[in-house]
Amino acid sequence: MELRKPESLNKQEIDFCELYVLGCDPYVGNEKKCYEDVFGDSSTIVRKKAKELLNREDMQNYIVQLRAIANYETVDMKARLTEKLLQIVDETSKAVYTDRRGTKLSPAPLRSVAVQASKALMEMYPVKVAQESKVELKGGNGDSGITFNVIVPQSNNENSVE
């Protein structure tokens, strides 16, 4: 995807758009902060000026282009992270592993790394559960007890053979 900068925008307006869409915290999505820093304006009507700037059609078109690029980069990054995390899980699940100096590592630290990588993957790709129920067993006085989470997995009808 090729980014076409509108000729109607000056350098500061382009910088404003790029900071607004691609910037880091506290800039991304914060038109007031972006306007203050790019234009050096700290007057009381900065938010109004920033909103007026954002409402211009040429600014909106450029912002749409920037968001499309940002979204593409996010998808690409997610795929790369997934690949690396899967490599980590595979590598750390080996029975015997040595570090770069040849020292054998115990399985416990490796399991911890694999669990952390798996947790990161689960956050990126949440697994849907069909039904979840809680069963509570309470003691005689009601002060203590045990809670069991019973999870019934979803049946996948697409893969079933008839």
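Colleague: Let's start with a pair: which residue forms a salt bridge with E31 in which the closest N and O atoms are 3.4 Å apart?
Modeller: Side chains of opposite charge can pair when their charged atoms come close. In a salt bridge, a side-chain nitrogen of Lys or Arg lies within 4 Å of a carboxyl oxygen of Asp or Glu. With 3.4 Å between the closest N and O atoms, the partner of E31 is R47.

Colleague: How many residues apart are E31 and R47?
Modeller: This pair links distant parts of the chain, with E31 in helix 2 and R47 in helix 3. Helices (H or I, at least four residues) and strands (E, at least two) are DSSP runs, numbered from the N terminus. The separation of E31 and R47 is 16 residues.

Colleague: What kind of model is this, and what is its average pLDDT?
Modeller: This is a predicted model, where local features need pLDDT of at least 70 and side-chain atom pairs count only at pLDDT 80 or more, while totals for chains, interfaces and linings use all residues. Residues are numbered from 1 along each chain as its sequence is written, and side-chain values use heavy atoms, with hydrogens and water left out. pLDDT is the predictor's confidence in each residue, from 0 to 100. In the protein chain, 70% of the residues score at least 70, and the average is 77.

Colleague: Is E31 buried or exposed?
Modeller: Buried means under 20% relative accessible area, exposed over 50%, and partly exposed in between (1.4 Å probe, protein chains only). E31 has 7% relative accessibility, so this residue counts as buried.

Colleague: By how many helical turns are K11 and D15 separated?
Modeller: K11 and D15 form a salt bridge, with 2.9 Å between the closest N and O atoms. K11 is exposed because its relative accessibility is 60%, whereas D15, at 25%, is partly exposed. Since these residues are four apart in helix 1 (residues 11-22), their separation is about one helical turn.
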